[in-house]
Amino acid sequence: MSIQWFPGHMHLTRKAIGERVKTIDVVIEMVDARLPASSANPMLRDLLAQKPNLKILNKADLADASRTQAWLEWYNQQDNTRAVAMDGHHTAPAKAMIEACLDLAPTRGTMVKPMRVLICGIPNVGKSTLINTMVGRRVAKAANEPGVTRQEQRFSLQDGFYLFDTPGVLWPRIIVAQSGYNLAAAGSIGRNAFDDELVALELIAYLQQYYASVLLERYQVVDNVAEVQAMPDHELFELIGRKRGALMPGGRINAQKAAEIILQDFRSGMLGRITLETPAEFEEWLKTGERLDAERTLRKEQYELDRQQNKKRRKKK
Ligand SMILES: Nc1nc2c(ncn2[C@@H]2O[C@H](COP(=O)(O)OP(=O)(O)OP(=O)(O)O)[C@@H](O)[C@H]2O)c(=O)[nH]1
């Protein structure tokens, strides 16, 4: 699936982060606990390599608790990195973020040497919500549409602790195919950048494999888990659409409407707590993605070389 969503302001964001990070003590990258690796930003990884890093797995209330635990362990094994999981609407876990930053940069956090923290994350991951929770009132704009945060803002969270907010960012290229589907399923990429039906089918296929009982309970279109697992994904999709009234005149399935119902059920948590990737799974996807990407780059270079040679030949004639 190719994703055509890359607003121009993201180039500016990259530049702004590069500048800002020079005077920053800890960088927080907020990711979506339902898809931690897919919602991380490879561009940030390079920009921020030298700084202590706090990963916030946000929307943990929507994610599978045991998988969240596995991700926290995976991140906490990495150098210079801590990870916490939270629901950005609640104050107590949000405060854990302050503790984790002080742990990562123990010499900062006083009036003389204030802690300067930068919070980054892809659009819609929940940065504004967390800032509003931390500050105790609505200072950052939160919305259920990607890309609402724009200007950099600075917030004082307590004496000697400053939080800088950056505009929403996304990478220019998604190397892992599954990441595109997972981001789309979670609603983290702009509408019209993807095909809802395709995304819903991918989601169903994944749920059949790992969360079949969730599909059984929510939609009750077959009698047991084994039937959910055995059915081709498009047949299950159609049964769900019919059951939920996604029909066109004449009784044909309205695939767009069926897809929207399923995606909305996932996004709102109506399907239950679900995580779309594990650390081991993502490592596999990444290997495949990087191999395909290297092949694509090679093909592109070869094409460019051929083009240059043809041009020279034409000139000689
Ligand atoms: N269930 C749940 N929803 C959350 C959580 N945090 C944020 N949300 C919701 O996610 C949506 C996006 O949150 P924002 O705070 O606007 O996200 P943002 O990262 O500031 O987004 P941009 O402005 O696009 O950069 C809103 O509908 C929030 O209510 C959370 O921990 N759990």
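Residues are numbered from 1 along each chain as its sequence is written. Because the model is predicted, local features need pLDDT of at least 70 and side-chain atom pairs count only at pLDDT 80 or more, while totals for chains, interfaces and linings use all residues.

The chain forms 12 helices and 6 strands. These are DSSP runs, numbered from the N terminus (helices: H or I, at least four residues; strands: E, at least two). Of the 317 residues, 39% count as buried. A buried residue has 20 or more other C-beta atoms within 10 Å of its own C-beta, which is placed from the backbone. An automatic or database assignment sets the domain bounds. Domain 1 spans 9-165 and domain 2 spans 195-268. Their C-alpha centres lie 34 Å apart.

The largest nonpolar core holds 40 residues. Such a core is a set of buried Ala, Val, Leu, Ile, Met, Phe, Trp, Tyr and Cys residues joined through C-beta atoms within 7 Å. Val26, Ile28, Ile56, Leu57, Val117, Leu118 and Ile119 touch the most other members. Elements that each supply at least two residues include strands S1 (26-32), S2 (53-58) and S4 (115-121), and helices H3 (65-76) and H4 (91-104). A second, separate core of 30 residues includes Leu201, Leu203, Tyr211 and Ile274.

Leu57 illustrates the packing in the largest core. Beyond four places in sequence, Leu57 touches Val31, Ala33, Pro36, Thr68, Trp71, Leu72, Ala83 and Ala85. Contact here requires C-beta atoms, placed from the backbone, within 7 Å. Among chain contacts between residues at least 6 apart in sequence, 68% join residues at least 24 apart.

Helix H6 (residues 177-186) is mostly covered, with 9 of its 10 residues buried. The buried set includes Tyr181, Asn182 and Leu183. Its cover includes S1, H7 (196-210), H11 and H12 (279-316). Gly187 follows H6, and its phi is positive, near 80 degrees.

The axes of H10 (residues 233-243) and H11 (residues 255-268) come within 9 Å and cross at roughly 90 degrees. The two helices are therefore roughly perpendicular to each other (65 to 115 degrees). Phe237, Ile240 and Gly241 of H10 meet Ala255, Ala258 and Ile262 of H11. By class, this contact has 5 nonpolar, 1 polar and no charged residues. Ala, Val, Leu, Ile, Met, Phe, Trp, Tyr, Cys and Pro count as nonpolar, Asp, Glu, Lys and Arg as charged, and the others, Gly among them, as polar. Axes are lines fitted to C-alpha atoms, for helices over the stretch in contact, and angles run from 0 to 180 degrees between N-to-C directions.

Methods:
Angles under 35 degrees count as roughly parallel, over 145 as roughly antiparallel, 65 to 115 as roughly perpendicular and the rest as oblique. Two residues are in contact if their C-beta atoms, placed from the backbone, lie within 7 Å. A residue is buried if 20 or more other C-beta atoms lie within 10 Å of its own, exposed if 12 or fewer, and partly exposed in between; C-beta atoms are placed from the backbone.
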